[in-house]
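Please keep the structure open while reading them.

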Amino acid sequence: MSDLIRRVYEHREGLRKGFSKQYGLKRLVYFERHDDIRDAIQRETRIKKWPRAWKVRLIHASNPNWDDLFDTIAA
């Protein structure tokens with residue numbers, strides 16, 4: 001989980017290039033827990049290829065208000 005905390009921090013501070021930095025996105029609205037890092041990477045890679053509408057439905061199903069979930073992982 002600490003890796004997720006580090007990655008969210010890097011995105012929030014604009015330390016990572018990519019989609020989040022380009023569009024100024026700061027909230028963590030969705031995450032999944034995986035026991036094996038290879039499973040997590042595979043899932044992330046797969047989701048990145050999905051159409052936006054699928055991603056929105058995935059987020060909305062578990063976080064309908066699009067609340068920032070960072071505090072739930074940092075606590």
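1. How many residues apart in helix 1 are Asp-3 and Arg-6, and what does that make in helical turns? They are 3 residues apart, so about one helical turn separates them. This is a predicted model, and every point below should be read with that in mind. The side chains of Asp-3 and Arg-6 meet in a salt bridge, with 2.3 Å from N to O. Asp-3 is partly exposed at 35% relative accessibility, and Arg-6 is also partly exposed, at 37%.

2. The pair in point 1 belongs to a wider arrangement. Asp-3, Arg-6, Glu-10 and Arg-16 are linked in a network of salt bridges. For the structure as a whole, the count comes to 8 salt bridges. As background, side chains of opposite charge can pair when their charged atoms come close.

3. Glu-10 lies in helix 1, which covers residues 2-12. Is Glu-10 buried or exposed? Glu-10 counts as buried, because its relative accessibility is 17% and the cut-off for buried is under 20%. Apart from neighbours within four places in sequence, Glu-10 is in contact with Leu-15 and Arg-16.

4. Lys-21 lies in helix 2 and, at 45% relative accessibility, counts as partly exposed. The two residues, Lys-21 and Glu-10, are 11 apart in sequence, and their C-alpha atoms are 9.6 Å apart in space. With neighbours within four places in sequence left aside, the contacts of Lys-21 are Gly-14 and Arg-16. Arg-16 is also a contact of Glu-10.

5. Which helices do Glu-44 and Arg-7 lie in? The side chains of these two residues meet in a salt bridge of 3.1 Å, N to O. Glu-44 lies in helix 3 and Arg-7 in helix 1, so the pair ties together parts that are 37 residues apart in sequence. Glu-44 has a relative accessible area of 29% and is partly exposed. Arg-7, at 25%, is partly exposed as well.

6. A salt bridge also joins the side chains of Arg-12 and Asp-68, at 2.4 Å from N to O. This pair links distant parts of the chain: Arg-12 is in helix 1, while Asp-68 is in the loop between helix 4 (52-62) and helix 5 (70-74), and 56 residues separate them. Arg-12 is partly exposed, with 25% relative accessibility. Asp-68 is partly exposed too, with a relative accessible area of 32%.

7. Now the nonpolar side chains. Which residues make up the largest nonpolar core? That core has 5 residues in all: Val-8, Leu-28, Leu-69, Phe-70 and Ile-73. Leaving out neighbours within four places in sequence, Val-8 is in contact with Leu-28, Phe-70 and Ile-73. In soluble globular proteins, nonpolar side chains tend to be buried together.

8. Phe-19, Tyr-23 and Leu-25 make a nonpolar surface patch of about 350 Å². Phe-19 and Tyr-23 are both exposed. Leu-25 is partly exposed, because its relative accessible area of 39% falls between the 20% and 50% cut-offs. Leu-25 lies in the loop between helix 2 (19-23) and helix 3 (37-48).

9. The last point concerns aromatic rings. How many aromatic pairs does a search of the whole structure find? The search finds 2. One of them is formed by Phe-19 and Tyr-23; this pair is tilted, with 4.8 Å centre to centre and 45° between the planes. Phe-19 and Tyr-23 both lie in helix 2, 4 residues apart, or about one turn of the helix. Trp-50 and Trp-54 form an aromatic pair that is edge-to-face, with 5.9 Å between centres and 70° between the planes. Trp-50 is partly exposed at a relative accessible area of 21%, and Trp-54 is partly exposed at 44%.

Key
Residues are numbered from 1 along each chain as its sequence is written. This is a predicted model: local features need pLDDT of at least 70, side-chain atom pairs count only at pLDDT 80 or more; totals for chains, interfaces and linings use all residues. Side-chain values use heavy atoms; hydrogens and water are left out. Patches are made of residues with over 30% relative accessible area and no salt bridge: like charges are joined within 9 Å, nonpolar side chains (Val, Leu, Ile, Met, Phe, Trp, Tyr) within 5 Å. Accessible areas come from the Shrake-Rupley method with a 1.4 Å probe; for residues, only the protein chains shown count as cover. A salt bridge is a side-chain nitrogen of Lys or Arg within 4 Å of a carboxyl oxygen of Asp or Glu. Helices (H or I, at least four residues) and strands (E, at least two) are DSSP runs, numbered from the N terminus. Buried means under 20% relative accessible area, exposed over 50%, partly exposed in between (1.4 Å probe, protein chains only). Rings of Phe, Tyr and Trp (its six-membered ring) pair if their centres lie within 6.5 Å; planes under 30 degrees apart count as stacked, over 60 as edge-to-face and the rest as tilted. Contact means heavy atoms within 4.5 Å. A nonpolar core is a set of buried Ala, Val, Leu, Ile, Met, Phe, Trp, Tyr and Cys residues joined through side-chain atoms within 4.5 Å.
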